[in-house]
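Subject: Structure handover and notes

Hi,

Here is the structure I promised to pass on to you. Please open it alongside this message, and read my notes with the chain in view.

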Amino acid sequence: MLDVLYDYKRAGQLLRAGGRDAARRDLFRFLPVLPVAGPGPVMPAGATPLVQAPRLAARLGLRALYLKDESRNPTGVLKDRATAIAVSMAAAMGRRDLYCASAGNAAISLAGFCAHAGFACHVFVPATAGPEQLAWLRRYTADVRVVDGSYDDAYDEAERVGLDRAWYSRNCAFNPYLVEGKKTAALEIAEQLGWSVPDVVAAPVGDGCTLGAIGKGFRELVEMGITARTPRLVGAQAAAVQPLVTRHLGQRPAPPSSKQTTGAQTTRAHSIAVRRPRNALRVLAEVAASEGTLVAVADDRIAEAQVLLEREGGIAAELASAASLAALLGPAAEMLPEGGTAVIVVTAGRRT
Ligand SMILES: *Cc1c(COP(=O)(O)O)cnc(C)c1O
């Protein structure tokens with residue numbers, strides 16, 4: 001994985017001088033720290049609300065807890081931020097075919113944006129993809145290729161075919177520009193808190209692109225002299241599929257075996273069920289630099305957190321998205337200072 005760097009002194013000046021295009025409410029307001037000259041033919045991604053959740057804050061012993069509600073993106077997921085960059089870059093390069101591998105949300109996001117732009121969308125989905133997800137891809141008229149195997153197999157197949165056909169890659173762990181879109185979630189959180197940062201930011205972790213990107217965003221704000229510090233990052237994985245937690249703890253991960261795909265070794269939090277995380281180095285480095293942690297939570301705890309988000313937060317989140325609240329209520333509770341502040345990134349809304 002490559003990393004995109006900027007002239008941070010100049011970018012900081014531009015952002016502080018109101019270089020953020022005030023007429024534009026979406027993520028392209030942060031153009032000085034984006035790898036594109038301007039937005040392409042995209043739906044507006046980002047500019048999602050930061051919703052205060054006082055009932056959940058009380059439960060966690062916090063002064064304030066905020067939900068960064070990414071379900072308010074065009075296709076209902078944080079992944080739209082990366083897709084907006086992918087479509088913009090593809091358009092600038094004159095490419096009209098985009099592809100990705102996905103168990104669900106990334107593919108649906110790409111399919112929606114391609115439908116809107118009139119581009120061709122090729123998605124490689126694992127055999128386990130649910131009928132609901134396939135239905136969404138068909139609604140958006142995507143070219144759906146079901147790969148016999150897991151998400152990891154679909155990923156390998158996507159990169160093989162995509163490279164061969166010279167399609168534009170919307171695989172976040174392959175195309176370094178996409179993380180730049182996701183990092184804008186962090187820039188917005190700081191902006192919405194009056195250019196300050198919370199003590200903790202928690203997000204669910206699959207490949208590691210999302211939390212890694214958020215860490216990069218917060219570090220860049222410090223580098224630009226806009227904020228004084230970075231929050232601690234808390235990453236949540238499902239107990240049944242927790243390779244990054246294992247690596248964070250310094251243990252050697254057990255090699256993925258076919259046995260792991262059955263019985264107790266599966267999770268219903270499909271969006272984070274990644275056995276071979278493609279952006280491991282990035283997320284592990286960002287979590288360590290932030291003095292944060294990666295923790296695992298059982299499906300039952302995630303399901304309880306999903307219900308709590310509805311009952312006490314008013315937000316209908318996808319199951320995987322609730323893993324962060326489960327982490328803060330459980331194994332990552334010690335990261336929360338008494339009377340402190342935290343943000344939970346609600347990465348996706350419920351589709352059904
Ligand atoms: C993709 C996804 C994640 C995890 O993102 P990674 O970049 O794979 O770590 C978390 N929650 C939801 C809902 C997602 O779709």
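Below are my notes, grouped by sheets, aromatic residues, ligand and a few remaining spots. Please keep in mind that this is a predicted model.

Let me begin with an open sheet of six strands, which has the order 1-2-10-7-8-9 and mixed pairing. Its edges are strand 1 (50-52) and strand 9; each has a single partner strand, so one side of each is left without a neighbour in the sheet. From one strand to the next, the twist averages 25°.

Strand 7 pairs with strand 8 in the parallel sense over five bridges. Within that pairing, A202 stands opposite V234 in strand 8. V234 also has a bridge partner in strand 9, namely T293. Strand 8 (residues 232-238) and strand 9 run parallel and are joined by five bridges.

Is strand 9 enclosed by the rest of the structure or left open, given its place at the edge? Four of the five residues of strand 9 (residues 293-297) are buried, so the strand is largely enclosed by the rest of the structure. In the sheet itself, though, strand 9 has a single partner strand, so one of its sides is without a neighbour there.

Strand 6 pairs with strand 3 in the parallel sense, over two bridges. In that pairing, Y99 has S169 in strand 6 as its bridge partner.

**Aromatic residues**

How many aromatic pairs does the structure hold? The count is four. One of them is Y6 with Y8: the ring centres are 6.1 Å apart and the planes stand at 70°, so this pair is edge-to-face. Both residues are buried, Y6 with a relative accessible area of 16% and Y8 with one of 10%.

Another pair brings us back to Y99, whose ring is paired with that of W167 in a tilted arrangement, 6.3 Å centre to centre and with 50° between the planes. This pair links distant parts of the chain: Y99 sits in strand 3 (residues 97-101), while W167 is in the loop between helix 6 (151-165) and strand 6 (168-169), 68 residues apart. Y99 is buried at 1% relative accessibility, and W167 is buried at 11%.

You will also find a charge placed over a ring: R139 lies over the face of W136, at 4.5 Å from the ring centre.

**The ligand**

Which residues are closest to the ligand? They are K79, N105, G206, D207 and G208, out of 15 residues that surround the ligand. T210 uses its side chain, with an N or O atom 2.8 Å from an oxygen atom of the ligand.

**Two more spots**

S324 belongs to helix 13 (residues 323-329) and is buried, at 0% relative accessibility. A polar atom of the S324 side chain lies 3.5 Å from the backbone oxygen of S321.

R25, by contrast, is exposed at 62% relative accessibility, and lies in the loop between helix 1 (8-19) and strand 1. R25 and E310 are 285 residues apart in sequence and 27 Å apart in space, C-alpha to C-alpha.

Best wishes

Terms used. Residues are numbered from 1 along each chain as its sequence is written. This is a predicted model: local features need pLDDT of at least 70, side-chain atom pairs count only at pLDDT 80 or more; totals for chains, interfaces and linings use all residues. Side-chain values use heavy atoms; hydrogens and water are left out. Rings of Phe, Tyr and Trp (its six-membered ring) pair if their centres lie within 6.5 Å; planes under 30 degrees apart count as stacked, over 60 as edge-to-face and the rest as tilted. Buried means under 20% relative accessible area, exposed over 50%, partly exposed in between (1.4 Å probe, protein chains only). A charge sits over a ring if NZ of Lys or CZ of Arg is within 6 Å of the ring centre and within 35 degrees of the ring normal. Two strands pair if DSSP finds at least two bridges between them. Axes are lines fitted to C-alpha atoms, for helices over the stretch in contact, and angles run from 0 to 180 degrees between N-to-C directions. A residue is near a molecule or strand if one of its heavy atoms lies within 4 Å of it. A polar contact is a pair of N or O atoms within 3.5 Å; within protein, one must be able to donate a hydrogen and the other to accept it, and residues adjacent in sequence count only if both atoms are side-chain atoms.
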